Amino acid sequence: MKICVIGTGYVGLPTGVGLAELGNEVTCVDKIESKIADLNNGKLTIFEDGLEELFIRNRQNGRLKFTLFMNEAVREADIVMLAVGTPPNPETKEADMKYIYAAAKELAPYLQGYTVICVKSTVPVGTGDQVEKIIHQENPTADFDVISLPEFLREGFAIHDFFNPDRIVVGTNSARAKKIIEKLYEPFASKTKILFVNRRSSETIKYASNAFLSMKIHYINEMADFCEKSGADIYEVAQGLGADNRIGPRFLNPGPGYGGFCFPKDTNAMAYMARQFGAELSLVEATIRGNEKRRQRMADKIYALAQDIPCPKIAVLGAAFKGGTDDCRESPAIEIMAHLLKHNLQIALFDPEAMDNARKILGERVTYCANAYEAVKDADILAVLTEWNEFQNLDLAHIRTLMRGHQIADLRHILNRAQALALGFEIYSPGIKQH
């Protein structure tokens with residue numbers, strides 16, 4: 001099939017590459033000239049585990065192309081996927097739909113033959129209706145259907161999730177569109193549930209899913225606070241909770257709160273939509289408030305360790321909002337560092353993939369290091385803020401000789417706690433009572 005993907009960000013690019021790998025002819029469109037130039041020169045614009053190999057292979061075999069021009073991509077397409085950003089409004093936190101609507105208006109004149117327009121971006125309920133209206137206004141003779149096709153790709157695992165989806169949700173009442181989407185996802189039909197629902201239900205499913213997972217993260221963080229006070233161990237408690245099939249073990253890792261571009265944006269947008277519809281979502285509202293306080297509380301924990309140290313230096317490991325990605329948008333690590341910088345603390349930072357994005361946000365207020373050992377040299381405090389797997393294998397004995405101090409704030413519980421204590425470190429992790 002011939003597919004046009006509009007948008008080459010953390011959703012559009014993995015989606016386009018994945019669809020090409022399935023044997024489709026994919027053209028990805030973006031308005032940012034430098035991004036398209038990089039992609040056409042074989043340079044990836046985001047980091048995602050496993051993406052590079054598929055990107056190179058499908059560019060070389062001609063199934064994956066990139067362009068600035070909407071017309072050449074849309075005219076031949078059987079399917080057009082909208083994967084542009086829906087950033088939050090700075091004040092109301094509602095999803096900003098200008099890019100979606102602009103894309104719909106721009107693509108409309110180029111539609112030829114029957115085309116399925118898939119809204120891949122996370123959008124408010126009713127967006128499909130508006131996109132349909134815009135296209136009809138711009139091209140009254142166009143033959144098309146607008147469907148909701150929400151993405152469920154986890155950053156850091158996007159390629160894995162594309163080829164191993166939990167479910168595929170399709171919002172359409174059109175038998176014609178359904179037939180084409182069934183053909184598109186035929187490679188997954190034997191192993192994945194494809195759920196066909198009405199368009200507004202599909203638009204709601206993505207928001208409801210992310211809001212629920214955000215609540216689950218906030219819940220385990222509140223339980224971690226309880227365990228610190230009561231003497232229970234949150235990791236043992238989480239193990240017991242997760243063993244219940246009704247709850248499950250995922251998203252029960254205490255830490256500095258949920259982050260990234262999706263969870264904060266979508267949870268806020270869900271709350272905004274509920275207020276607009278006159279529906280009460282008290283759990284979602286409480287989750288938002290609690291998560292906002294979480295980063296400040298974790299920053300205060302680290303600052304408390306530094307208060308009695310003259311000119312303290314803090315080594316920070318991790319800037320991305322999670323391991324496996326270079327995305328620093330809404331990163332708890334970035335926000336914690338920003339809080340610490342208000343106290344004029346020295347910060348030496350290392351992240352395996354997110355250094356460039358961190359620098360764009362923090363500027364030269366921190367020292368950027370080539371590796372973890374450079375960051376910890378002469379540091380008074382070590383703070384682990386992102387759960388990169390490679391941090392599990394750090395040589396703690398060597399770090400003990402490099403550091404000036406002996407305090408660790410392991411907010412991701414990724415270091416070997418027993419070994420750290422045996423080496424003479426004092427170590428704080430959320431949910432474990434300090435002795």
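**Exercise 1.** How many salt bridges does the count come to?

*Solution.* Start with what you're looking at: this is a predicted model, where local features need pLDDT of at least 70, side-chain atom pairs count only at pLDDT 80 or more, and totals for chains, interfaces and linings use all residues. Residues are numbered from 1 along each chain as its sequence is written, and side-chain values use heavy atoms, with hydrogens and water left out. Next, the rule: a salt bridge is a side-chain nitrogen of Lys or Arg within 4 Å of a carboxyl oxygen of Asp or Glu. Apply that rule and you get 24 salt bridges.

**Exercise 2.** Take the salt bridge between D143 and R176 and work out where each partner sits.

*Solution.* Check the distance: the closest N and O atoms are 3.2 Å apart. Now find the partners, using helices (H or I, at least four residues) and strands (E, at least two) as DSSP runs, numbered from the N terminus. D143 is in the loop between α6 (127-138) and β6 (144-148), while R176 is in helix α8 (residues 175-184). They are 33 residues apart, so this pair links distant parts of the chain.

**Exercise 3.** Find the order of the strands in the open sheet of six, then say which strands stand at its edges.

*Solution.* Two strands pair if DSSP finds at least two bridges between them. Reading across, the order is β11-β10-β9-β12-β13-β14, with parallel pairing. β11 (367-368) and β14 (426-428) stand at the edges; each has a single partner strand, so one side of each is left without a neighbour in the sheet.

Now zoom in on one pair. β9 (residues 313-317) and β10 (residues 346-350) pair in the parallel sense over five bridges, and L317 has F350 in β10 as its bridge partner.

**Exercise 4.** Which residues does S209 touch, leaving out those up to four places away in sequence?

*Solution.* First place S209: it belongs to helix α9 (residues 199-230). Contact means heavy atoms within 4.5 Å, and on that basis S209 touches F152 and R167. Finally, compare sequence with space: S209 and F152 are 57 residues apart in sequence and 9.2 Å apart, C-alpha to C-alpha.
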